[in-house]
Amino acid sequence: MAGNSIGHTFKLTTFGESHGEAIGGVIDGVPSNFALDLRAVQVELDRRRPGQSDIVTQRKESDTVRFLSGIFEGKTTGAPIGFVIENENQKSKDYSHIENIYRPSHADFTYDKKYGHRDYRGGGRSSARETASRVVAGAIAKQFLNHLGIKVEAFVSQVGPIKLEGDLTNLSLPRRENSVRCPDPLVAEKMIDFIKTVRKAGDTIGGVVFARINGVPLGLGAPVFDKLHADLGKAMLSINAVKGFEYGSGFSGVEMKGSEHNDVIQHDGTTLSNHSGGIQGGISNGAPIYFRVAFKPVATIMQDQFSVNSKMEVVKVKGKGRHDPCVVPRAVPIVEAMASITILDHYLRNKMTQI
């Protein structure tokens with residue numbers, strides 16, 4: 001199986017399955033002699049972990065990360081950072097009923113047909129549990145970015161039909177997150193109530209995560225295949241359940257004329273507007289980068305559905321186990337992690353642009 005790594009200079013490779021002994025990763029290209037706050041890494045994992053509120057999956061995992069290499073006396077050595085996160089609360093029997101059944105809108109069918117064998121316990125390698133390893137690498141990348149004055153932050157802007165209105169690029173975020181991670185407390189309560197209603201009906205709902213990156217220097221990205229927005233898009237679309245990515249004005253830009261959409265450059269290099277989302281020609285222009293990530297409803301629902309088994313016979317299947325009724329609250333730290341990995345990778349690559 002290929003495709004388990006992301007990044008060029010700052011590179012993450014992940015391993016492990018949802019119901020295996022552990023998940024983990026190797027981070028290569030980490031600059032040396034940098035003091036890491038390992039508690040801050042755990043804080044980011046705690047933001048992603050299951051069981052943290054009554055609107056997410058109740059699987060109980062401490063998600064405690066254990067570092068194996070690349071760190072000595074609290075500082076990076078420049079060697080690859082290896083780490084593991086033990087799986088503690090698997091209930092594999094919850095999946096025994098789908099051993100030979102392909103669940104609708106899951107990776108079961110495509111995975112089995114591609115590889116000829118699959119771990120049906122929780123989805124195996126295709127499980128969203130793999131994203132915990134991304135959060136570890138992202139938390140480390142975020143500390144480097146903070147040192148450079150680059151700030152990555154995300155929040156939930158929509159759940160189903162309930163959305164935040166207005167300009168979100170400068171919206172102030174509260175110091176303490178609520179359970180749905182929407183910065184507006186009134187809208188957050190509506191989202192929470194809606195998720196609970198959907199969950200009670202045995203169903204799921206999707207949503208949108210809005211992300212912004214401030215302090216990005218001019219010059220990150222390359223103009224052909226390594227466009228900064230293309231790599232951000234790949235990073236986001238690699239996250240489980242993501243169905244859409246747009247940056248800057250995105251799809252709403254099609255309703256504007258060029259005279260309205262163009263970001264006029266001023267004498268100091270800044271622009272009067274930022275419809276470009278901080279990226280022009282695939283290269284960062286120094287303005288804030290902002291984008292949206294759309295997540296589909298979780299595919300596992302607690303309702304009867306028709307599907308097929310490995311013999312291609314029509315069967316009835318019903319979801320069991322512990323699953324998120326809406327993935328976006330736990331997706332926020334994952335979006336931040338993938339953005340941090342991408343920006344730091346491009347920052348380090350950009351150091352080799354000119355001598």
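This is a predicted model: local features need pLDDT of at least 70, side-chain atom pairs count only at pLDDT 80 or more; totals for chains, interfaces and linings use all residues.
Residues are numbered from 1 along each chain as its sequence is written, and side-chain values use heavy atoms, without hydrogens or water.

Colleague: In which order do the strands stand in the open sheet of five strands that holds β1?

Modeller: Strands (E, at least two residues) and helices (H or I, at least four) are DSSP runs numbered from the N terminus, and two strands pair if DSSP finds at least two bridges between them. The edges of this sheet are β1 (5–6) and β4 (65–67), each pairing on one side only. With antiparallel pairing, the order is β1-β2-β3-β7-β4.

Colleague: Which residue of β7 is the bridge partner of F67?

Modeller: β4 and β7 (residues 81–86) run antiparallel and are joined by three bridges. Within β7, the partner of F67 is F83.

Colleague: At what angle to β4 does α1 run?

Modeller: Angles run from 0 to 180 degrees between N-to-C directions, and axes are lines fitted to C-alpha atoms, for helices over the stretch in contact. Helix α1 lies across β4 and β7. Relative to β4, its direction makes an angle of about 145°.

Colleague: How far apart are the axes of α1 and α7?

Modeller: Two packed helices are described by an angle and a distance between their axes. Here α1 (residues 38–48) and α7 (residues 328–350) pack at about 140°. The distance between their axes is 7 Å.

Colleague: Which residues of α1 make the contact with α7?

Modeller: Contact means heavy atoms within 4.5 Å. From α7 come R330, V332, P333, I334 and E336. Nonpolar residues are Ala, Val, Leu, Ile, Met, Phe, Trp, Tyr, Cys and Pro, charged ones are Asp, Glu, Lys and Arg, and the others, Gly among them, are polar; by these classes the contact has three nonpolar, no polar and five charged residues. The residues from α1 are E44, R47 and R48.

Colleague: Which residue takes a positive phi in the hairpin of β16 and β17?

Modeller: β16 (residues 304–309) pairs in the antiparallel sense with β8 (residues 101–102) over two bridges, where Y102 has V308 as its partner. β16 also pairs with β17 (residues 314–318), antiparallel and over five bridges, and S307 stands opposite V315. Four residues lie between the strands of the hairpin, and the one with a positive phi, near 65°, is M312.

Colleague: What volume does the largest cavity have?

Modeller: On a 1 Å grid over the protein atoms alone, a cavity is a set of points where a 1.4 Å probe fits but cannot get out, a pocket is an open set with protein on both sides within 12 Å along at least five of seven lines, and lining residues have an atom within 4 Å of a point. Points are joined across faces, edges and corners, and a volume is the space filled by probe spheres set on them. There are two cavities of 30 Å³ or more, and 15 residues line the largest, with R103, T300, V317, K318 and G319 nearest its centre. Its volume is about 100 Å³.

Colleague: How much space lies in the second largest cavity?

Modeller: Its lining includes A107, D108, Y111 and R118. By class, this lining has three nonpolar, three polar and four charged residues. The space inside is about 50 Å³.

Colleague: Which element supplies the largest share of the lining of the second largest pocket?

Modeller: This pocket has a volume of about 530 Å³, and of its 24 lining residues the closest to the centre are R47, P174, R175, E177 and E336. The lining divides into eleven nonpolar, three polar and ten charged residues. At least two residues each come from α1, α3 (131–147), β9 (151–159) and α7. The largest share, five residues, comes from β9.
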